[in-house]
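Here are my notes on this one, point by point. Have the model open beside you as you read.

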Amino acid sequence: MADAAERQADGSGPPGGSIAGGRRAATSDTASRDAGSRALEVVGVTRTFGALVALDGVDLSVGPGERRAVLGANGAGKTTLFNAITGDFPPTRGRISFFGEDVTELPQYDRIRRGLRRTYQHSLLFRGLTVRDNLFLASRGVARRRFSLLRPRGGDFAMAAAERLAGQAHLSRRLDTRVADLSYGEQRQLEIGMALAGAPRLILFDEPAAGLSPGERGNLVALLHGLPEHLGFVIIEHDLDVALKVVDRVTVMHNGRIFKHGTPAEIEADPEVQAIYLGGQHG
Ligand SMILES: Nc1ncnc2c1ncn2[C@@H]1O[C@H](COP(=O)(O)OP(=O)(O)O)[C@@H](O)[C@H]1O
Ligand SMILES: [Mg+2]
């Protein structure tokens, strides 16, 4: 796997104006592989809402430490796919495995305990509390089963974790600032910090750059590049300047189906993808 310096170099993008900057070449999603060694294996997942088929037989396979972008027009089914993976809305049909274990029927908390995390398209922060308190609560929440309320060291542990997470989210100087007083970009950074609590193994980011200024987007890219090497993520992102810089592979969805998988360079150059995605109908 690429080291941090190499990833940083990728993040600045190759010369010639291309924004594709995947860390390493990868084979097709359907290439031979050992299913037990995959971080995430989505097989034939369908989700209906009444007569609407929001997901239609979706297959997706993400390796440990892999970083994947999911692109697609509004309504393509990207968030519904995340909801199926996390258990927010279980699939109507199909199977989901996490590090070799079938989690299709597991409650959300049990998936979190296994290291699955997500951020939402809409903020779920405690606006009246400080950055430190939000990160403390996130750490306490995921450590609940290991550090009971009867053991005060659990609180010390979560307080130390809050400061470490603030560093990872580039918010060390804002630890005692109330969420309501943070900029919008800082709030999105805090959501990422909260998703890093505990021992995440795969994080699903749902449009983390939405609404950010160009400067804040640059900071987000740096933050994503700075995440621990072993930590994989799947990022839904309309801004290709962000998405293609931080991932190894790209999956394009269209009308609830997987349209294609490829490297960032392949996807950026693909005329069919440009027609359905870059044609301006996304938002
Ligand atoms: N809870 C829900 N109830 C009914 N329809 C939903 C629900 N969630 C999503 N949908 C529908 O499923 C389709 C896919 O939505 P979504 O996954 O949010 O798309 P994307 O994230 O790609 O923009 C859309 O037509 C949307 O209206
Ligand atoms: Mg969405």
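1. A quick definition before the ligand: a residue counts as near a molecule or strand if its C-beta atom, placed from the backbone, lies within 6 Å of it. On that basis, the shell around ligand 1 is made of F49, L52, A54, G72, N74, G75, A76, G77, K78, T79 and T80. Two elements give two or more residues to this shell, β2 (52-62) and α2 (78-86). The biggest giver is α2, with 3 residues. Helices (H or I, at least four residues) and strands (E, at least two) are DSSP runs, numbered from the N terminus.

2. Some housekeeping. This is a predicted model, where local features need pLDDT of at least 70 and side-chain atom pairs count only at pLDDT 80 or more, while totals for chains, interfaces and linings use all residues. Residues are numbered from 1 along each chain as its sequence is written, and chains are lettered from A and ligands numbered from 1 in the order in which they are written.

3. Overall, the protein has 10 helices and 10 strands. One open sheet has 6 strands in the order β6-β7-β8-β3-β9-β10, with mixed pairing; two strands pair if DSSP finds at least two bridges between them. At the edges stand β6 (116-118) and β10 (257-262), each with a single partner strand, so one side of each has no neighbour in the sheet. From one strand to the next, the twist averages 20°.

4. Within that sheet, β3 (residues 67-71) and β9 (residues 249-254) pair in the parallel sense over 4 bridges, and L71 stands opposite V252 in β9. Against the sheet packs α2, touching β3, β6, β7 (202-206), β8 (232-236) and β9, and its direction makes about 150° with that of β7. Contact means C-beta atoms, placed from the backbone, within 7 Å; axes are lines fitted to C-alpha atoms, for helices over the stretch in contact, and angles run from 0 to 180 degrees between N-to-C directions.

5. Is α2 mostly covered or mostly uncovered? Mostly covered: 8 of its 9 residues are buried, namely K78, T79, T80, L81, F82, N83, A84 and I85. Buried means 20 or more other C-beta atoms within 10 Å of the residue's own, exposed 12 or fewer, and partly exposed in between, with C-beta atoms placed from the backbone. After α2 comes G87, whose phi is positive, near 90°.

6. The other open sheet to look at has 4 strands, ordered β2-β1-β4-β5, with antiparallel pairing. Its edge strands, β2 and β5 (101-102), each pair on one side only. Between β1 (residues 40-49) and β2 there are 7 bridges; L40 stands opposite V62, and V42 has L60 as its bridge partner. Their hairpin has 2 residues between the strands, and G50 takes a positive phi near 60° there.

7. Last, K245 in helix α8 (residues 240-246). This lysine is buried, with 26 other C-beta atoms within 10 Å. K245 and P264 lie 19 residues apart in sequence and 8.0 Å apart in space, C-alpha to C-alpha. For the whole protein, buried residues make up 40% of the 283 residues.

Key
Contact = placed C-beta atoms within 7 Å.
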